[in-house]
Amino acid sequence: MTGQIEGKIAIITGAASGIGAAVAHLFHAHGARLVMADLSKGVTDLAAELGENAVAIVGDVSESTDARAIIDLAVSKFGGVDILCNIAGYPGNSRGTLVDCSDENFDKMVAVNFRGPFMTMKAAIPYMIARGGGSIVNVASTAALKGYPTLVPYGGSKAGLVALSRGAAVEFAEHNIRVNTICPGPHETPMLLAAVEANPASKEKIIAGVPLHRLGKPEEIAQAIYFYASDASPFITGTVLPVEGGQTA
Ligand SMILES: NC(=O)c1ccc[n+]([C@@H]2O[C@H](COP(=O)([O-])OP(=O)(O)OC[C@H]3O[C@@H](n4cnc5c(N)ncnc54)[C@H](O)[C@@H]3O)[C@@H](O)[C@H]2O)c1
């Protein structure tokens, strides 16, 4: 891998599954110290599997007390925060149009996908300032960049995250804090597989919309997140990187 991450203190939300778990494995293999957070208790199993330099916390990123507890754990266990990867996400439970989306479902997408990263950034940035800088990587979606029927409210919540990231990149550049966004296209994770299971015909349709004609692998997108998080990208901030096999090209 290009870029160093050894010894860095990295927080990964959504680390129990899919893209977050792939990032945790990659960062750990390259010597980062990890705080892994997730709603799912599976995150504690992953910490036990990784062993040294990996701790887990079960919590909901959209709750301010939980978000703060995640950041506080990094400070109490390792002494600060260098890297924050907001990967936890909620795709919604509606397969219909905007009109079919319940208010509660909309609110939950906004809470997890937009409010959650706001909460963790708000708690982490003062510690990054104290350490002379840091890197924040927020995971949005191609649905933030392009209209996809049935994903409209989800895309709106992720577009909010893109704007939050770009604004924070400008606001905290003077503190050497970089903030970048990754927009995944379809990746083979439990989140996507659950959607495909509910509608088996959708898989071929999704793949047909990807010029590279396949789903992405969590390990592939983890490398893009590593690039942003590590010192391989010191002059890159406020950018939005689609990782989607050409889906939005
Ligand atoms: N897989 C795809 O095709 C795809 C496409 C575009 C965007 N994304 C985004 O990528 C990110 C990772 O998704 P994935 O595909 O790995 O999904 P996944 O379901 O495998 O993992 C998501 C993880 O986030 C956790 N989580 C959900 N809500 C949470 C909350 N409130 N607090 C803490 N943890 C919470 C879940 O428990 C789960 O472990 C998400 O933000 C998702 O929206 C995924």
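Trainee: In which hand does α1 pass α8?

Mentor: A crossing is left-handed if the near helix is turned anticlockwise from the far one by less than a right angle, and right-handed if clockwise. Here α1 passes α8 in a right-handed crossing. Please note that the model is predicted: local features need pLDDT of at least 70, side-chain atom pairs count only at pLDDT 80 or more, and totals for chains, interfaces and linings use all residues. Residues are numbered from 1 along each chain as its sequence is written, and side-chain values use heavy atoms, with hydrogens and water left out. Helices (DSSP H or I, at least four residues) and strands (E, at least two) are numbered from the N terminus.

Trainee: At what angle do α1 and helix α8 pack, and how far apart are their axes?

Mentor: Two packed helices are described by the angle between their axes and the distance between the axes. Axes are lines fitted to C-alpha atoms, for helices over the stretch in contact, and angles run from 0 to 180 degrees between N-to-C directions. For α1 and α8 (residues 218-229), the angle is about 60° and the axes are 8 Å apart. Therefore α1 is oblique to α8; angles under 35 degrees count as roughly parallel, over 145 as roughly antiparallel, 65 to 115 as roughly perpendicular and the rest as oblique.

Trainee: At what angle do the axes of helix α1 and helix α2 cross?

Mentor: The axes of α1 (residues 18-29) and α2 (residues 42-50) cross at roughly 20° and come within 12 Å. Therefore α1 is roughly parallel to α2. The crossing is right-handed. Ala-21, Ala-24, His-25 and His-28 of α1 meet Leu-46, Glu-49 and Leu-50 of α2.

Trainee: What is the order of the strands in the open sheet?

Mentor: Two strands pair if DSSP finds at least two bridges between them. The seven strands run β3-β2-β1-β4-β5-β6-β7, with parallel pairing. The edge strands, each pairing on one side only, are β3 (54-58) and β7 (240-243). From one strand to the next, the twist averages 15°. Within the sheet, β4 and β5 are joined by four bridges in the parallel sense, and Cys-85 stands opposite Val-137 in β5.

Trainee: How many residues of β5 are buried?

Mentor: Buried means under 20% relative accessible area, exposed over 50%, and partly exposed in between (1.4 Å probe, protein chains only). In β5, six of its six residues are buried. Gly-134, Ile-136 and Asn-138 point one way, while Ser-135, Val-137 and Val-139 point the other way.

Trainee: Which strands does helix α5 touch?

Mentor: Helix α5 (residues 152-171) packs on the sheet and touches β5, β6 and β7. Beyond its neighbours within four places in sequence, Leu-161 contacts residues including Phe-114, Asn-138 and Val-139.

Notes
Contact = heavy atoms within 4.5 Å.
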